Amino acid sequence: MATTSTVETLSNADEAAEHIARQSFADAHVGTVGLELESHTVELTAPHRRVSWNRLHDIAETVHDLPGRSAITFEPGGAVELSGPPHADIWSAISSMRADHSILTSTYRGAGIALASLGTDPLRTPERVNPAARYGAMAGHFGAAGFGETALQMMTCTASLQVNLQSGTPRQWRDRFVLAQRMGPTMAALSASSPMLAGRRTGRRN
């Protein structure tokens, strides 16, 4: 959740790793909570086809000011994401995200597009619609590493709820990180909703 007033240019993987470690484990007291919510965008008259990038972007431009001040962005496959600012506690973060998501859902629904909060896209095959250079670089990297098809599914056919927490003071880092790792499987099971992927059953239940 940290922000900076300047953009830092990273020239290699080692610098990127150092930057991530520095930002992720900042010396800060535990307190604020931030949420990010992704939803698949589905054209109601043609659910088998991905919504075009221009259409997604144009509708987003018509969204009125969101009371919770969430930012609207898009994932590679066209899923829309709300990224909320830090809040004093989880209840405030949830309330704020619900209000913003309600407005976003209403706006897109009025344009004939539904928002589906599912873990995986149940119908459409992997396809990237967001032309951002960063996603082209990601696709190229994963392809070179031998994970092209699987990575494209992850990039374009999945959506999630992300909870952003402060790492705490240095004395807390280890215990909080270990706790997060232990809670991960349980949290994933509680929110799993991926019975279908690209028209095929995954073997996973809601």
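A residue is called buried here when its relative accessible area is under 20%, and aspartate 121, at 3% relative accessibility, therefore falls within that class. The model in which this residue sits is a predicted one, and every value below should be read with that in mind.

**Salt bridges**

A search of the whole structure finds four salt bridges, and three of them are described here one by one in the table.

| Nitrogen partner | Oxygen partner | N to O distance |
|---|---|---|
| Arginine 55 | Glutamate 43 | 2.9 Å |
| Arginine 50 | Aspartate 121 | 3.9 Å |
| Arginine 124 | Aspartate 121 | 2.7 Å |

Arginine 55 and glutamate 43 meet through their side chains in a salt bridge, with a nitrogen and an oxygen 2.9 Å apart. Since arginine 55 belongs to helix H2 (residues 53–60) and glutamate 43 to strand S1 (residues 33–43), the pair ties together parts that are twelve residues apart in sequence. The two partners fall into separate accessibility classes: arginine 55 is partly exposed, with a relative accessible area of 29%, whereas glutamate 43 is buried, with a value of 11%.

Arginine 50, for its part, forms a salt bridge with aspartate 121, and the closest N and O atoms of this pair are 3.9 Å apart. Arginine 50 lies in the loop between S1 and H2, while aspartate 121 lies in the loop between strand S4 (113–116) and helix H4 (133–144), so this contact ties together parts that are 71 residues apart in sequence. That distance of 3.9 Å still counts as a salt bridge because the cut-off is within 4 Å.

The largest pocket holds about 1,300 Å³ of space and is lined by 37 residues, of which Leu35, Leu161, Gln162, Val163 and Met187 lie nearest its centre. At least two lining residues are supplied by each of S1, helix H3 (90–110), strand S5 (161–165) and helix H6 (170–191), and H6 gives the largest share, with twelve residues. Sorted by class, the lining has 20 nonpolar, 14 polar and three charged residues.

Met187, one of the residues nearest the centre of that pocket, is also part of a nonpolar surface patch of about 420 Å², which is made by Leu179, Met183, Met187 and Leu190. Leucine 179 has its place in helix H6 and is partly exposed, with a relative accessible area of 47%.

Most residues other than glycine have a negative phi. Arginine 69, by contrast, has a phi near 65 degrees, a positive value in a residue other than glycine. This arginine 69 is placed in the loop between H2 and strand S2 (71–74), and at 59% relative accessibility it counts as exposed.

Methods: Residues are numbered from 1 along each chain as its sequence is written. This is a predicted model: local features need pLDDT of at least 70, side-chain atom pairs count only at pLDDT 80 or more; totals for chains, interfaces and linings use all residues. Side-chain values use heavy atoms; hydrogens and water are left out. Helices (H or I, at least four residues) and strands (E, at least two) are DSSP runs, numbered from the N terminus. Buried means under 20% relative accessible area, exposed over 50%, partly exposed in between (1.4 Å probe, protein chains only). On a 1 Å grid over the protein atoms alone, a cavity is a set of points where a 1.4 Å probe fits but cannot get out, and a pocket is an open set with protein on both sides within 12 Å along at least five of seven lines; lining residues have an atom within 4 Å of a point. Grid points are joined across faces, edges and corners, and a volume is the space filled by probe spheres set on the points. Ala, Val, Leu, Ile, Met, Phe, Trp, Tyr, Cys and Pro count as nonpolar, Asp, Glu, Lys and Arg as charged, and the others, Gly among them, as polar. Patches are made of residues with over 30% relative accessible area and no salt bridge: like charges are joined within 9 Å, nonpolar side chains (Val, Leu, Ile, Met, Phe, Trp, Tyr) within 5 Å. Accessible areas come from the Shrake-Rupley method with a 1.4 Å probe; for residues, only the protein chains shown count as cover.
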